Each structure stands twice: as structure tokens, then as C-alpha cells.
Amino acid sequence: MKLGLEERVFIIGGGSRGIGLGVAHTLLEEGARVALVARGRAELERATSRLADVYGRDHVIGRAGDLADEAMTRKLLNYVRGEWGTPAGAVLNAGNGSGSSSRELGLSEWQRLFAANLWPSVVLAEHLLPDLAAAGSGSLVFISSIASRKAVGAPLAYGAAKAALEYYVRGLARRSGSDQVRVNAIAPGNVLSPGGVWDSKLAEDESSWQAYLESEVPLQRLGTVDEIAAPAAFLLSDRASFITGEVLLVDGGQVSV
């Protein structure tokens, strides 16, 4: 299905690997232009180069930096505007679920996980929104987690940060609707990606983790990056033009059933 995204410009946070990289592939296949952002320069440069070889260097750019840094985010947006014009939206995917499993985390751990999972998305959204409002159109897609909905063993501060992100999505959708800017989120379940958490878990004890999936996930398997990227691309497109304030669970039924 063609989504009508040809030549539209999108920014992808956490775009050098995992879900962010998968979204980049999907958007590029639809003919869009993507600006990848990630903190790790070397990994980002490799990802940008590989994508550019496939889809063309006029459709992919990469900028290393922390989206929670307002000065960096302003420079990023100025650079993208200078190269391609005003973005049509963004996938706000920056985040990190690694953390302490302790009950008493301590303030520094709370601050660290909120800094990783909430502030980068909020900063990019707030700096991009004036452009989208001026254009009278646009779409933001945030990447949340099923940890926002249910205690699934994730670090407490991670789940709380994602729950806060979903409240922000719903509130922002209401405030941005009059500008015809749509704001949605996807809450993935257990997703397998190269070098990701589930890659490591399966390498350590595949049979035990498969038994867990068969017990806890109605579809009895892990999700793929493409299965998150496809609904993200749909939500960015005009085919989702009457959808805003939604948090879409893509979890094989683990939380939603």
C-alpha cells in the first residue's frame, strides 16, 4: 500500500538501530526523506551510509546528538530545514529500558530513566510543533512501551516514564488538534532486533524464553521491527488523518487481551 509519503520529510529519534532504523527503512521505501538522530556517532554513520546506498543520499541524512539538548535540537531542525524544508512530522523513539530492578531505586536512577525516556521526545516535539502548526498539518508518533500499562518486570522508573509519555501524547493531541497536527503513540511489546535485549535473552536460554512467550503472549512469539514500523508509517500518513490521541498497542495481545 502506498501511503502518499513521497518526498515528505521526517525526523527519527533513536534512528541508528532497532525500531528507529526499521521505521527509517519503511519510510524510505515509501519515498520519504528521513533525518536520523542518535547519540552514538559511529553507529549512526554506519546506518546512514547503508540506507543512503540503498535509497539515495538525497533521501537520508544523519546527525549525532542528544535530543534532550535544546541547543542541539534547534541546530538539527535548522539543518533539516536548510536541506529539505519544513518536516512533515517525526517519530519520537529515543529511549532506554535498561535499569535497576531494585524496589528502592534512588533519585539518580529515576532522573536517569526519565532523562532517557521522556525529555528527548518532549524537547523535539516542542521545537518542531511551531513549524507543524504554521503549516496547518503534521503528525508526531511517539514510541512508548507496554511497560506503561502493566508491571511486566521492566524497571519501575522506565514504566513510569513511558506512562508519563502517554499522558503527554493525549494532552498534546487535544492542544494541537485545532492546528490539524496529529499526535499518537505506539506501545510495542517484546520486539526482536539485531543486538537488542531479546537477541541476548534467546542466546542465553532460548527454550525458557520461548516457554514464557507461549504462556504470556497470545500470539506466542516475539514481534519484529517491521511490525512496529508499518503502523508508525501509517500514523504519519494522511490515511490516518482522523486519528489523534491514540496509543496503539502492538504486543501480540500480551497486555491488550
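Accessible areas here come from the Shrake-Rupley method with a 1.4 Å probe, and for residues only the protein chains shown count as cover.

**View 1. The whole chain and its surface.** This is a predicted model, where local features need pLDDT of at least 70, side-chain atom pairs count only at pLDDT 80 or more, and totals for chains, interfaces and linings use all residues. Residues are numbered from 1 along each chain as its sequence is written, and side-chain values use heavy atoms, with hydrogens and water left out. The accessible surface of the protein chain comes to about 12,300 Å², and carbon and sulfur atoms hold 50% of that. Along its principal axes, the C-alpha trace spans about 50 × 40 × 35 Å.

**View 2. Inside the largest nonpolar core.** A nonpolar core is a set of buried (under 20% relative accessible area, 1.4 Å probe, protein chains only) Ala, Val, Leu, Ile, Met, Phe, Trp, Tyr and Cys residues joined through side-chain atoms within 4.5 Å. The largest one has 34 residues, and Ile11, Leu140, Phe142 and Leu172 have the most contacts inside it. Elements giving it two or more residues include β1 (9-13), β5 (138-143) and α6 (156-176); helices (H or I, at least four residues) and strands (E, at least two) are DSSP runs, numbered from the N terminus.

**View 3. Around Ile11.** Which residues is Ile11 in contact with, leaving aside its neighbours within four places in sequence? Contact means heavy atoms within 4.5 Å, and the partners are Ala35, Val37, Leu76, Leu77, Pro87, Gly89, Ala90, Val91 and Leu124.

View 4. Buried residues make up 49% of the 257 residues in the chain.

Terms used:
Buried means under 20% relative accessible area, exposed over 50%, partly exposed in between (1.4 Å probe, protein chains only).
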